[in-house]
Amino acid sequence: MKRGFDPVCVAFRPVLKGSVMTDLEDLQGFGELVSGWQVPPRPDGTDLAGTFARLSKLDAEAHAADLFDQYLGQDHVWDYMPYGPFQTLEAYKDWMRKTVQDDAHLFYAITNLETSRCEGVASFLRINPPSGSIEVGHINFSPALQRTRAATEAMYLMMKWAFEAGYRRYEWKCNALNLGSRKAAQRLGLSYEGVFRQAAVVKGRNRDTAWFAAIDAEWPALKEAFDNWLSEDNFIAGC
């Protein structure tokens, strides 16, 4: 039986105490010097491969048909997305072609290596190398991918790439009503940072956005937790 994966318990949690005014007085200054840090590169779409998952740069001709089949009849997976569901493969392909041309983000197709099927997507976005900040988003796992080792490893591989490339901050944002996404962010070790109220209008509805993030100082402990959970010893049948 697999051990529960909860790296959030090892993340660092600085807590400010006292009144708001006291906190402000304590924080007077110009911020900690960031020495030795260099601006990281933008992600270039190189495959990210693990034991259970492989992430490849999203391509309409290579991935749209398989993904469309995975999402077919599962319209609920689009509930919190600003696009979809797509009624035809051609409509999905058209959206995908236009989307991958926008270099504001980099979409990956996620192949579950245990089934050899392309079963979901995720993206880097809000890519800001000068600030050392990058976000993971547009996460859309088909029901077949949800709650699998491949799903967890896909998120690990993206976080691993970001921190090893030199990013200082790794963000996750979602509709504040999307409890599944909020729980996933914290299960994966990202800290809850608050809600931006009335942040957007999506599909004609108000969206409050919940923010989560991990920072580079937390990465060693998070990596150890991921590695322990993803190890073969954690999935021995009958244990």
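Reply: Happy to! Let's start inside: Tyr-71, Trp-78, Tyr-83, Tyr-92, Trp-95, Val-121 and Asn-140 line the largest cavity. Keep in mind that this is a predicted model.

Me: What makes that space a cavity, and how much space lies in it?

Reply: A space is called a cavity because a 1.4 Å probe fits there but cannot get out. The largest cavity holds about 30 Å³ of space, and the structure has one cavity of 30 Å³ or more.

Me: What classes do the residues of its lining fall into?

Reply: Six are nonpolar, one is polar and none is charged.

Me: How much space lies in the largest pocket?

Reply: About 1400 Å³. Its lining has 46 residues, and the closest to the pocket's centre are Ile-139, Trp-172, Asn-178, Gly-180 and Ser-181. Elements that give two or more residues to this lining include helix H3 (89–100), helix H4 (149–165) and strand E5 (133–141). E5 gives the largest share, seven residues. By class, the lining has 24 nonpolar, 14 polar and eight charged residues.

Me: Which residues line the second largest pocket?

Reply: They are Gly-31, Glu-32, Leu-33, Val-34, Ser-35, Trp-37, Arg-168, Ile-215 and Asp-216. This pocket has a volume of about 240 Å³, and its lining divides into four nonpolar, two polar and three charged residues.

Me: Why is Cys-118 called buried?

Reply: Buried means under 20% relative accessible area. Cys-118 has 6% relative accessibility, so Cys-118 counts as buried. The reasoning carries over to Cys-174: its value is 5%, so Cys-174 is buried too.

Me: What makes E1 and E7 edge strands?

Reply: Picture the open sheet first: eight strands in the order E1-E2-E3-E4-E5-E6-E8-E7, with mixed pairing. Strand E1 (48–49) and E7 each pair on one side only, and these are the edge strands.

Me: How do you know that E1 and E2 pair?

Reply: Two strands pair if there are at least two bridges between them. E1 and strand E2 (residues 53–57) have two bridges, so they meet that cut-off, and they run in the antiparallel sense. Across this pairing, Leu-48 stands opposite Leu-55 in E2.

Conventions:
Residues are numbered from 1 along each chain as its sequence is written. This is a predicted model: local features need pLDDT of at least 70, side-chain atom pairs count only at pLDDT 80 or more; totals for chains, interfaces and linings use all residues. Side-chain values use heavy atoms; hydrogens and water are left out. On a 1 Å grid over the protein atoms alone, a cavity is a set of points where a 1.4 Å probe fits but cannot get out, and a pocket is an open set with protein on both sides within 12 Å along at least five of seven lines; lining residues have an atom within 4 Å of a point. Grid points are joined across faces, edges and corners, and a volume is the space filled by probe spheres set on the points. Ala, Val, Leu, Ile, Met, Phe, Trp, Tyr, Cys and Pro count as nonpolar, Asp, Glu, Lys and Arg as charged, and the others, Gly among them, as polar. Helices (H or I, at least four residues) and strands (E, at least two) are DSSP runs, numbered from the N terminus. Buried means under 20% relative accessible area, exposed over 50%, partly exposed in between (1.4 Å probe, protein chains only).
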